[in-house]
Amino acid sequence: MADDADGATQACGQGRQMPCDLDELRTLFLFEKLTDDQLDWICRNGHVELIEPGVVFREGEPATCFYVLVEGGLVLTRRVGDDDVEVSRTTQSGVYSGAWHSYLGDRVPQLYTNSMRVTIPSRFVVLDGAALARLMREWFPMAVHMLEGLFFGLQSTQALTGQRERLLALGSLSAGLTHELNNPAAAAVRATASLRERVAGMRHKLGLIAAGPYDREALETLIGLQEEAAERVAKAPTLTPMETSDREDALTDWLEDHGCNAGWEIAPTFVQAGFDVDWLERVAATVAPEVLEGAIRWLYYTVESELLMKEIEDSTTRISTLLGAAKQYSQLDRAPYRSVDIHELLDSTLTMLGGKLSGVRVVREYDRALPEIAVYAGELNQVWTNLIDNAVAAMAGSGTLTVATSADHDNLAVEIRDTGPGVPPEIRDRIFEPFFTTKPVGEGTGLGLDISWRIVVGRHHGDLTVTSQPGDTRFRVTLPLHPDPLMPAEAAPHEEPAPHESATEPASSA
């Protein structure tokens, strides 16, 4: 049953038929408990077929046949993006694949969930899907009911808990983003209200200047000082708390010595703008003594207005940055599979989780020389969210979170480290199991790490591991820089069972 010339898969039963030996069937673990009459029924309603190397069936085609390997070898693959990922390769007699969901009837799509190809001439027991369904319902009615309950119950449970996991993650991100947006938004509102008052004060002061003893030359000088003051605000140096305090005291003393009332109110603003005593001496030397206080007040309103506009600019820039990070995180306007700088994804996730990181020291150890990598960006952001959220929860909101990237041979590695108490050895092997969680009821579904495993291993052909000791827990994600579509890989946990596994035994997550 090899491929024909144009590569299309031939129908079931097109290989060379071989004798059906009851004694040989009895050696296969799938049939070892059947009676002679039942084995004879299989031979009469099915057949043994010799299949030459090539594709037997392809993922997504109608599932018409059930195959049990008697001898030979086979490979199962799954389609991931544009790649065919090998999930199982075996020569074990008795393994099975194909239309093994046929007993569920039309309640599920009867399609092959993977592709199977034969690597060497191989013999199979082949049953039509309808015959397998009839066999199951007539010989094992109780087992069929139990399998149906297990299959649909597990589907429903996973759908509900998966939805809850996503809602919990969305709620956490929404709370964090709301918190992060609230601070700059509130600051912008406060600064706008204060700016309105200062502009009103400037209008009043302008009226006093117009009515005061200022000649044209003095007004031109005052306007020149105003422009210089505005420029100084943009170039103000950053001072230490001690330097700030010393400069405020010096300016307050100077203002009081020169007859300026409430100098203690004006001095902090002038210091924030980068003014010092020397600059005020220049102002005093430029204007007449009788108008010095008015000039100082005029400059004060100018400086405070500039500072408030700078605060509004900083606040709105912060809001824009947060919205940009949310857009980057969600990947709403991007292709799902594309080349990205992995650091952009990590930074957007850290920004989105900023509300939870308020008491945590975040250290970025990035290897900026790493090349871009083709990934499902939105899905990887979910991985970073789960790992970082778990790390922060483990540290109880206080400690050091390290996000590191590096090259690891032909892989790109990302490590999420935390200084929490660590993962106890007795549960370390279970943390990637679905529904396993150490969080209190209502705070987690136990699917975060399982979903992360699926995305990294099943979706990206990578690996996700953990090493832990008190004070140093490391989740390490490795992603191939140049994925090989035929590279052997372990099946992701809880995927469709490999052909040698029963439907009730999930694949190992080790």
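Modeller: The axes of helix H10 (residues 342-352) and helix H11 (residues 377-394) come within 9 Å and cross at roughly 50°. This is a predicted model, where local features need pLDDT of at least 70 and side-chain atom pairs count only at pLDDT 80 or more, while totals for chains, interfaces and linings use all residues. Residues are numbered from 1 along each chain as its sequence is written, and side-chain values use heavy atoms, leaving out hydrogens and water.

Colleague: Why are H10 and H11 called oblique to each other?

Modeller: Angles under 35 degrees count as roughly parallel, over 145 as roughly antiparallel, 65 to 115 as roughly perpendicular and the rest as oblique. The H10 and H11 axes cross at roughly 50°, so the two helices are oblique.

Colleague: Which residues in H10 and H11 meet?

Modeller: Ile342, Leu345, Leu346, Ser348, Thr349 and Leu350 in H10 touch Ala377, Leu380, Asn381, Trp384, Thr385 and Ile388 in H11 (contact means heavy atoms within 4.5 Å). By class, that's eight nonpolar, four polar and no charged residues. Here Ala, Val, Leu, Ile, Met, Phe, Trp, Tyr, Cys and Pro count as nonpolar, Asp, Glu, Lys and Arg as charged, and the others, Gly among them, as polar.

Colleague: And what makes H2 and H3 roughly antiparallel to each other?

Modeller: Helix H2 (residues 36-45) and helix H3 (residues 129-139) pack at about 160°, their axes 11 Å apart. With that angle, H2 and H3 are therefore roughly antiparallel. Gln38, Trp41, Ile42 and Asn45 of H2 make the contact with Ala131, Arg134, Leu135 and Trp139 of H3.

Note on methods. Axes fitted to C-alpha atoms, helices over the stretch in contact; angles between N-to-C directions. Helix = DSSP H or I, 4+ residues; strand = E, 2+ residues; numbered from the N terminus.
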